[in-house]
Amino acid sequence: MSGKNLEQEQRRLNAIMATEDGRAWMWDHLGDCGVFHSTYAQNPHDTSFNEGRRSIGLRIIADLRELAFRYYQMMELEALARLEDEKDEVDDVLYD
């Protein structure tokens, strides 16, 4: 957690995470940060760049787990449900 006012940080995170759309937005941005996959690239400069993005994502996850853990758990469950829905849609197209 940064040196900012803890109550202010918690209020801001909870404002984003209080809605399903806010949690979906956060999940998408965490994915863009590369926290859910390897950041390795053949070019070491690209790997360094990717690790910088990942570092920001990991800091956000740490803040969420510390200040909005219940919403963090909800976000994960909702993301898994969206993945299952997408998988079912693909299966429907492939096997119908």
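1. The model is a predicted one.

2. The buried residues of H1 are Glu9, Leu13 and Met17. Around the axis they cover an arc of only 60 degrees, which means that they sit on the same side of H1. The face turned away from this buried side carries Glu7, Arg11 and Ala15, which are exposed.

3. What do the buried residues of H1 pack against? Their partners are helix H2 (20–32), helix H3 (44–67) and helix H4 (69–95).

4. The H1 and H2 axes come within 6 Å and cross at roughly 105 degrees. Angles of 65 to 115 degrees count as roughly perpendicular, so H1 and H2 are roughly perpendicular to each other. On the H1 side the contact is made by Leu13, Ile16 and Met17, and on the H2 side by Gly22, Arg23, Trp25 and Met26.

5. Glu78 is a residue of helix H4. Is Glu78 buried or exposed? Its relative accessible area is 16%; since buried means under 20%, Glu78 counts as buried. With neighbours within four places in sequence left aside, Glu78 is in contact with Glu20 and Arg23. Arg23 is also among the H2 residues that make the contact with H1.

How values were computed: Residues are numbered from 1 along each chain as its sequence is written. This is a predicted model: local features need pLDDT of at least 70, side-chain atom pairs count only at pLDDT 80 or more; totals for chains, interfaces and linings use all residues. Side-chain values use heavy atoms; hydrogens and water are left out. Buried means under 20% relative accessible area, exposed over 50%, partly exposed in between (1.4 Å probe, protein chains only). Helices (H or I, at least four residues) and strands (E, at least two) are DSSP runs, numbered from the N terminus. The arc is that of the directions from the helix axis to the C-beta atoms. Contact means heavy atoms within 4.5 Å. Axes are lines fitted to C-alpha atoms, for helices over the stretch in contact, and angles run from 0 to 180 degrees between N-to-C directions. Angles under 35 degrees count as roughly parallel, over 145 as roughly antiparallel, 65 to 115 as roughly perpendicular and the rest as oblique.
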